[in-house]
Amino acid sequence: MNAVSKLSALAGFVADRFPVEKMNVASMIGKKVVPLHRMSWAYYLGGLTLFFFLIQIGTGLMLLFYYEPTVSDAHASVEYITNHVSGGALIRNLHAWSSSAMILCVLAHLITTFAMKAFEKPREVIWLSGVLMLFLTFGFGFTGYLLPWNQIAVNATKIGLQSIEEVGAYLPGSLATLPATIKETIQGEATVGQATLSRFYAIHVVVLPLLTLGLLGMHVFGIQLHGMSRGTEAVKVRFEKFFPDFVIKDLTAWGVAFLVIFVVAICLPFESFFSYTLAEPYNPLGSTPEGIKPEWYFFFVYYPLELLPFWVIILASNAAALVLLAAPWIFRGTSRKTLRALAVAGAAYLIIVTIFGQQIYDAIKGVQ
Amino acid sequence: MRMRRYAIAGAAFAVLWTAGAGVANAYPEYQKYSQTNSGRVTNCAMCHAHPDGPDGAGHGQIGSLNADALSRLGRARAAFEPGTEVDSPILNGFGNTIIRTVGKSKVIELRSRPGELAGMLDQASDLDGDGIPDAREYAEGTHPLQAGSGNPWSLFATNLRRSGFHIGAILVASILTMYGLANLLRGWHAAAAAAEASDER
């Protein structure tokens, strides 16, 4: 294949994924239809993820007015927001709870779209942007966790960054130093300190949101261009109009989600699930307190990390990431039935490890 | 001669007082009980001004106290009977409330039976106003002075009762917004369809 034909193939690939003839309001909204079948509920998960992301942006902007990204004032500013700013506790709780809700929705969205084979041609770019946004969402969680600068935040971040460095031991030659370099770049100094906080803050409030907005634009644009995936192998499928029928239902789901997250945020302080010792300001001279754990959405990798050799986790997580990214090509010929079975297995793993991870760990380690 | 004896006695008392003030009387039995009973990690911050307890030179620790603070510490240490107003600089609001409610003698006595302390505290006292009495927070290993620290489901139930008006208002606002938006979208759609039909004619 010469350069011209390669370029021509590339142009064809792009033209199929971004057909110019469909780039009009009539095609993208007016004539768009949504399939109706037993998994149609899953079409609302992407919208809900977007809704929680919008709450993140709104509440995050409000928190920016008072939050101080310095090691001396970060914790005090969070305390000030919680205890003295009018509505501060509610905004902070909304931010914390909606971040968890967003991650829950993004995972459910990923699993259901996989089960529905929504990555089929010409939707590969939509799938890829979705998977990349999943990684960015975990990045949001990891960087945001440090910002309150309390015991759990700093110690958990130290453990997380240390894990990056440990990957080097399993890499060959000069690659072995790469993870340490990455860790130092993120950390910014010898240990987790002001430079780390500044970098995490910049990544959390500027870098990740910009990247997410770019990918989100591409993702939503692609969905509007190509429509919702068929999602089923049934020959006869009913459809409903995207506008206004589906949009109204989607907005209703947003309304219900807002009510639920509002009630949870106003009634249930996010930090009530931690012991109060972990919410104390970070003490660099103190020992690591008991009960340090990552957020629940990292349990699927945290508990295996505690139980299995490190190299197994590195291998498995890299393989999983590659499989996710290459899913449109790996599972091109796979039936939806098989994909559903794989998705159920993946979902079962996530649910079991997240909810029962501690009990499994205690049982295996013989902890009373 | 008598004056000299008083001076020596005074100096000896001052030395003993200073030495005594430098010795912390923390009672870790209570922390251990709270932690074992609740399964939650606790520390000295439940009753003390400093999370590492009274020993040391940090804020709220004995080494950092000035003369006035030492005098308040002395008064708190002498509050053996219940009902004495105390303001010990090494204790936080909950620690001072314990001394005021049960007296120092009882605190020393209950060291071997720390679980009984919860029953001796004022069952209506809720220093952080989170709806969970201080005595229960002590037993459950949550902080009696932090409204965000408490049994999550108790906090949820309390806040749900307290926020009834706000939740009701948000519920009504959400329903009305959804109803309005849905009708607006249907109206736009109908208008667009009518315009299209008119163009076709």
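This note goes through the chain fold, the interface, the aromatic pairs and the salt bridges of a predicted model.

1. Basis. The model is predicted, with local features needing pLDDT of at least 70 and side-chain atom pairs counting only at pLDDT 80 or more, while totals for chains, interfaces and linings use all residues. Residues are numbered from 1 along each chain as its sequence is written, chains are lettered from A and ligands numbered from 1 in the order in which they are written, and side-chain values use heavy atoms, leaving out hydrogens and water.

2. Chain B. Chain B has eight helices and zero strands (DSSP runs numbered from the N terminus: helices are H or I of at least four residues, strands E of at least two). Along the sequence the pattern is α-α-α-α-α-α-α-α. Of the 201 residues in chain B, 36% are buried (buried is under 20% relative accessible area, exposed is over 50%, and partly exposed lies in between, with a 1.4 Å probe and protein chains only). Counting contacts in chain B between residues at least 6 apart in sequence, 45% join residues at least 24 apart; contact here means heavy atoms within 4.5 Å.

3. Extent of the interface. Chain A contributes 27 residues to the contact and chain B contributes 35 residues. The area buried between the two chains is about 2500 Å², and carbon and sulfur atoms give 74% of this (buried area is the accessible area, 1.4 Å probe, that two parts lose on being put together, summed over both). On the chain A side, A:I248, A:C267 and A:Y276 lose the most area to chain B, together 26% of what that side buries.

4. Make-up of the interface. Helix α10 (residues 242–267) of chain A gives the most to the side that touches chain B, with 14 residues. By class, that side of chain A has 17 nonpolar, six polar and four charged residues (Ala, Val, Leu, Ile, Met, Phe, Trp, Tyr, Cys and Pro count as nonpolar, Asp, Glu, Lys and Arg as charged, and the others, Gly among them, as polar).

5. Aromatic pairs. The count over all chains comes to 27 aromatic pairs. Rings of Phe, Tyr and Trp (its six-membered ring) pair if their centres lie within 6.5 Å; planes under 30 degrees apart are stacked, over 60 edge-to-face, and the rest tilted. A:W97 and A:F270 form an edge-to-face pair, 4.9 Å centre to centre with 80° between the planes. A:W97 is in helix α5 (residues 88–115) of chain A and A:F270 in the loop between α10 and α11 (299–307), so the pair ties together parts 173 residues apart in sequence. Both A:W97 and A:F270 are buried. The rings of A:F142 and A:F200 have centres 5.6 Å apart and planes at 50°, so this pair is tilted. A:F142 lies in helix α6 (residues 124–146) and A:F200 in helix α9 (residues 194–226) of chain A, so parts 58 residues apart in sequence are tied together. A:F142 is partly exposed at 23%, whereas A:F200 is buried at 1% relative accessibility.

6. Aromatic cluster. Ring pairs link A:W97, A:F270, A:F273, A:F274 and B:W153 into a cluster.

7. Salt bridges in chain A. The whole structure has 17 salt bridges over all chains (a side-chain nitrogen of Lys or Arg within 4 Å of a carboxyl oxygen of Asp or Glu). A:K117 and A:E120 form one of them, at 3.8 Å from N to O. A:K117 is buried, with a relative accessible area of 6%, and A:E120 is partly exposed at 31%. A:D16, A:R17, A:K121 and A:E124 are linked in a network of salt bridges.

8. Salt bridges in chain B. B:D87 and B:R72 meet at 3.2 Å, N to O. This pair links distant parts of the chain, with B:D87 in the loop between α3 (67–77) and α4 (93–109) and B:R72 in helix α3, 15 residues apart. B:D87 is partly exposed at 43%, as is B:R72 at 23%. B:E109 also forms a salt bridge with B:K106, the closest N and O atoms being 3.3 Å apart. Both B:E109 and B:K106 lie in helix α4 of chain B, three residues apart, about one turn of the helix.
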